[in-house]
Amino acid sequence: LYKLMARLGGPYGVIRQTELFVYSEKDREAIARCMDLGLKFPEITTWIRASREDFKAVKDLGIRETGILVSCSDYHIFKKLKMTRSQAMEHYLATVKDAFDAGVMPRCHLEDITRADFYGFVVPFVNELMRLSEEARIPVRIRACDTMGYGVPYTEVALPRSVPGIIYGLQHYSGVASENLEWHGHNDFYKAVANAATAWLYGASGVNCNLRSEER
């Protein structure tokens with residue numbers, strides 16, 4: 001699959017990056033074998049939870065950029081993490097700080113953003129990420145994740161459902177540069193393509209897709 005993505009994306013990186021897990025020996029073997037191919041694109045990145053234990057595995061692999069799961073809806077914060085908003089923010093920021101200290105670029109996955117309190121949690125959290133990024137002099141990439149597929153591509157819809165509003169808000173209220181902003185949309189309600197195109201039109205520089213291999 002990695003070699004196929006390299007062929008599909010071409011030498012200029014239309015498919016810019018791919019991300020792999022780091023948890024099992026099989027995961028780490030896959031990363032090593034992909035790295036051994038020496039291909040420039042897609043750049044190999046990793047995906048971890050906001051955990052210092054998870055980040056240790058990334059640091060050992062010598063990866064330049066890692067995704068970090070930072071769920072931002074109250075459902076995830078209160079029900080899954082069983083934390084307050086402030087506790088969740090500090091928990092996430094601890095892993096991000098570890099990444100900056102190690103010279104690794106963090107990509108923060110704002111999971112469930114279309115059910116989150118945009119101005120009450122998302123904006124303050126991303127503002128703190130941008131402050132830390134400026135201090136570390138390392139960019140931080142922001143991934144807006146419509147995990148439930150609730151987003152819609154209309155400007156007149158209120159946040160947190162409006163895809164244009166999310167992208168506009170992250171740029172204008174948190175100062176996220178277009179090149180560091182990407183969209184991750186699920187297709188539960190068949191709007192993945194429309195939402196991805198809308199996110200790009202409003203300033204996201206990349207969108208996420210998946211590629212599966214199925215045995216027939």
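Predicted model: local features only at pLDDT ≥ 70, side-chain atom pairs only at ≥ 80, totals over all residues.
A disulfide is taken here as a pair of cysteine sulfur atoms within 2.5 Å. Cys108 takes part in none, and the nearest cysteine sulfur, that of Cys145, is 10 Å away. Cys108 is buried, with a relative accessible area of 0%. Cys209 counts as exposed, because its relative accessibility is 72% and the cut-off for exposed is over 50%.

The strands are considered next. Strands of a sheet pair through backbone hydrogen bonds, either parallel or antiparallel. In this model, seven strands form an open sheet with parallel pairing, in the order β1-β2-β3-β4-β5-β6-β7. The edges are taken by β1 and β7 (206-207); each has a single partner strand, so one side of each is left without a neighbour in the sheet. Helix α8 (residues 192-201) packs on the sheet and touches β5, β6 and β7. The direction of α8 makes about 170° with that of β6. Strand β5 (residues 141-146) and strand β6 (residues 181-185) pair in the parallel sense over five bridges. Within these two strands, Asp146 stands opposite Gly185 in β6.

Thr18 counts as buried because its relative accessibility is 14%, under the cut-off of 20%. With neighbours within four places in sequence left aside, the contacts of Thr18 are Tyr2, Met5, Pro42, Glu43, Ile44 and Thr45.

Two of these contacts, Tyr2 and Met5, belong to helix α1 (residues 2-9), in which Tyr2, Met5, Ala6 and Gly9 are buried. These four cover an arc of only 105° around the axis, which puts them on the same side of α1. An α-helix has 3.6 residues a turn, so residues three or four places apart point the same way. On the other side of α1, Lys3, Arg7 and Leu8 are exposed. The buried residues of α1 are covered by elements including β1, α2 (25-36) and β2 (43-49). After α1 comes Gly10, with a positive phi near 75°.

The buried residues of α8 are Ala192, Asn195, Ala196, Thr198 and Ala199. Seen down the axis of α8, the buried residues fall within an arc of 165°, so they line one face of the helix. The elements against which they pack are β5, α7, β6 and β7. Val193, Trp200 and Leu201 are exposed on the other side of α8. Gly203 follows α8 and has a positive phi, near 130°.

The largest nonpolar core has 52 residues, of which Leu110, Val122, Phe125, Ile142 and Leu170 touch the most other members. Helix α6 (residues 118-136) gives the most to this core, with eight residues. Apart from neighbours within four places in sequence, Phe125 is in contact with Val70, Met89, Tyr92, Leu93 and Leu110.

The backbone is considered last. Most residues other than glycine have a negative phi, and most peptide bonds are trans. In this model, the peptide bond from Phe41 to Pro42 is cis, with omega near -5°. Pro42 is found in the loop between α2 and β2, and is one of the contacts of Thr18. Leu159 and Pro160 are likewise joined by a cis peptide bond, with omega about 10°. Pro160 is placed in the loop between β5 and α7 (163-172).

Positive phi values occur at Lys82, near 55°, and at Arg137, near 60°. Neither residue is a glycine. Lys82 is in the loop between α4 (74-80) and α5 (85-101), and is exposed, with a relative accessible area of 66%. Arg137 is in the loop between α6 and β5. Arg137 is exposed as well, at a relative accessible area of 79%.

Definitions and conventions
Residues numbered from 1 in each chain as written. Heavy atoms only, no water. Buried < 20%, exposed > 50% of the residue type's maximum accessible area, 1.4 Å probe, protein only. Contact = heavy atoms within 4.5 Å. Core = buried A, V, L, I, M, F, W, Y, C linked by side-chain atoms within 4.5 Å. Arc of directions from axis to C-beta. Pairing = 2+ DSSP bridges. Axes fitted to C-alpha atoms, helices over the stretch in contact; angles between N-to-C directions.
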